[in-house]
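Colleague: Could you take me closely through the salt bridges of this model, saying where the partners sit and how exposed they are?

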Amino acid sequence: MRRADLAGALTIELTNHCTLACTCCPNGRDSSHCRPKHTLAKDSFGPLLRQIDIPFSHVFLHLHGEPLLNKDLPLMVDLLVKRGVSKFTVFSNAYRSRLDVLEKMLDKLGNSELELCFSAEVYDKQAYERLRFPGSYETVWKSLEEADRLMAAHQRHYSLICIIDSQAVATLNKSVPEIFRHLPQLKDIHFSSAFPWPHLPETGDIAGHLSRRRAVCSQIWQLPVILASGEVSMCSSDYRGECIVGSLWEHTYSQLMNNRKARLFRRHIATRRAYRNTICEACLIDRLTIFSRTVRRKFILEAKANTLETYFANYNKYFTIDEQTTR
């Protein structure tokens, strides 16, 4: 097989419907330009799976929607386990989560690894409700508590993903230990700056963090995605459907990854002519320095108060802008 076929991981979008319209997401900022709404049904999943003619052992079951909205998720996990998938990654906003769907999914996993990540800024009510519109801080906490108990019953752990800015840093040394104490199954928290989506730089924190020269973006080699409609896109940031190379209902996955559209898309990236791809011209990821830190339970709960204060204060180095490095 060609290099484009050798994917150890696949991203499959179960739905692009969502329970929130976050200000950091196209569903909240650019919904009128998003793709038509689709939900992948159980009757379609088996035939679609047969069109994926490459080996894979790791599946990301999410993209531009809330995967726990798809009631058929457990049946799809069951089919993937039988296909030989040994690791699943699922991202959820945790808002009024369908715990019945989550529980059935956990029952179907068997010995497969689950990386479950909830996106919720529970370190601060104001930050959460500013980003996760029209979510309620109290409601998401209730959902997380219920999910935590369910994960404990299945002897599983999960992660939190939190967007932060300069205002949040000052409170983390006190709020983060409390989060870990309150959620016993939580294994780590990943903090990051907001991502500027293509066509929507206002969704991200980019001031002073853009290099002048573009890098060669690796997304198209690593993260092609199968959309809920059965179409395949070259980029996981393609919320508008700008770089779709065809449909799995008409061709196999390897055929789509090696057709003329896909090869031309990759060629433009490799030869530094990304501007010829519409989505790449509007994207900043290959120029952006993203803040990213992961803190783990053991470190947080065993560290002394002054250690945590110093550790989180160092986050400010990213958010303190050097005027000489700005555009």
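Modeller: A salt bridge here is a side-chain nitrogen of Lys or Arg within 4 Å of a carboxyl oxygen of Asp or Glu. The model is a predicted one, and the structure holds ten such salt bridges. One of them joins the side chains of Arg130 and Asp165, with an N to O distance of 3.2 Å. Because Arg130 belongs to helix H5 whereas Asp165 lies in the loop between strand E5 (158-163) and helix H7 (166-169), this pair ties together parts that are 35 residues apart in sequence. Arg130 is partly exposed, its relative accessible area being 43%, and Asp165, at 22% relative accessibility, also counts as partly exposed. Salt bridges with shared partners also join Lys125, Glu129 and Glu138 into one network.

Another salt bridge is formed by the side chains of Glu121 and Arg132, at 2.8 Å from N to O. Glu121 is found in the loop between strand E4 (113-119) and helix H5 (125-131), and Arg132 in the loop between H5 and helix H6 (137-153), so the parts that this pair ties together are eleven residues apart in sequence. Both Glu121 and Arg132 are buried.

The side chains of Asp78 and Lys82 likewise meet in a salt bridge, with 3.2 Å from N to O. Here the two residues are separated by about one helical turn, because Asp78 and Lys82 stand four residues apart in helix H3 (residues 73-83). Lys82 is exposed, with a relative accessible area of 65%.

Terms used. Residues numbered from 1 in each chain as written. Predicted model: local features only at pLDDT ≥ 70, side-chain atom pairs only at ≥ 80, totals over all residues. Heavy atoms only, no water. Buried < 20%, exposed > 50% of the residue type's maximum accessible area, 1.4 Å probe, protein only.
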